[in-house]
Amino acid sequence: MEQRISLITLGVTDLARARAFYERLGWRGQEVERTVFFQAGGIAVVLWARESLAADAGLDNREAGGFTGIALAHNVRERDEVDQVLVAAAGAGAAVTRPARETSYGGYAGYFTDPDGHLWEIAWNPGFPLAADGSITVPDFGAA
């Protein structure tokens, strides 16, 4: 299997509310068959009804709540952008779960959850500079 993520699909309880939240963050998507697609660099973030996603995966739909064991990360180009994004997210309806602070790796990061509880890390990491197109390349850590 090639190392690639093509789509990240977020199961949401209210598609219109979720789309409006991401659009308040400045994202622009398109809705096709009750599914919203946002181009996010070289991948897509997809919003789909939580019960539909669970059924498609052959799983029972359990209500959202608590930590799900996954975080999406949005890296920014400058340290100050972390605070700006967290303020914008809160203004759009996010819950800031951890205000930005210095990190152990010499960066600066904070977290918020969207209205469906999906966790987002907003980070400035000087060791992961962003390319012009917003992509990152994992540096060579010299590990075997």
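Two strands count as paired if DSSP finds at least two bridges between them. The legends below describe close-up views of a predicted model.

**View 1. Strands β7 and β8 pair in an antiparallel fashion.** Strand β7 covers residues 108-113, and strand β8 covers residues 119-124. Between them lie 6 bridges.

**View 2. An open sheet holds 4 strands.** Their order is β5-β8-β7-β6. The pairing is mixed. Strands of a sheet pair through backbone hydrogen bonds, either parallel or antiparallel. Strands β5 (71-75) and β6 (95-102) stand at the edges. Each has a single partner strand, so one side of each lacks a neighbour in the sheet. On average, neighbouring strands are turned by 15° against each other, direction ignored.

**View 3. Helix α3 packs on the sheet.** The helix spans residues 79-92. It touches β6, β7 and β8. The direction of α3 makes about 15° with that of β7.

**View 4. Ala92 is a buried residue of helix α3.** Its relative accessibility is 4%. Buried means under 20%, so Ala92 falls in that class. Leaving aside neighbours within four places in sequence, Ala92 is in contact with Phe21, Arg24 and Leu25. Tyr22 lies 70 residues from Ala92 along the chain. The C-alpha atoms of Ala92 and Tyr22 are separated by 7.9 Å.

**View 5. Ala109 is a buried residue of strand β7.** The relative accessible area of Ala109 is 0%. Apart from neighbours within four places in sequence, the contacts of Ala109 include Val82. Arg98, Pro99, Ala100, Arg101 and Thr103 are also in contact with Ala109. Ala109 and Glu121 are 12 residues apart in sequence. Their C-alpha atoms are 6.8 Å apart in space.

**View 6. The largest pocket holds about 1000 Å³ of space.** It is lined by 28 residues. Closest to the pocket centre are Ala40, Ile43, Ala73, His74 and Gly134. Strands β3 (35-40), β4 (43-49), β5 and β8 each supply at least two residues of the lining. The largest share comes from β5, with 5 residues. By class, the lining of this largest pocket has 16 nonpolar, 8 polar and 4 charged residues.

**View 7. The second largest pocket holds about 500 Å³ of space.** Its lining has 23 residues. Those closest to the centre of this second pocket are Thr9, Gly11, Arg50, Leu53 and His118. Elements giving two or more residues to the lining are β1 (7-12), α2 (50-56) and β5. Strand β1 gives the largest share, 5 residues. In the lining of the second largest pocket, 12 residues are nonpolar, 7 polar and 4 charged.

Terms used
Residues numbered from 1 in each chain as written. Predicted model: local features only at pLDDT ≥ 70, side-chain atom pairs only at ≥ 80, totals over all residues. Heavy atoms only, no water. Axes fitted to C-alpha atoms, helices over the stretch in contact; angles between N-to-C directions. Contact = heavy atoms within 4.5 Å. 1 Å grid on protein atoms, 1.4 Å probe; cavity = no way out; pocket = protein on both sides within 12 Å on 5 of 7 lines; lining within 4 Å. Points joined across faces, edges and corners; volume = space filled by probe spheres on them. Nonpolar A, V, L, I, M, F, W, Y, C, P; charged D, E, K, R; others polar. Buried < 20%, exposed > 50% of the residue type's maximum accessible area, 1.4 Å probe, protein only.
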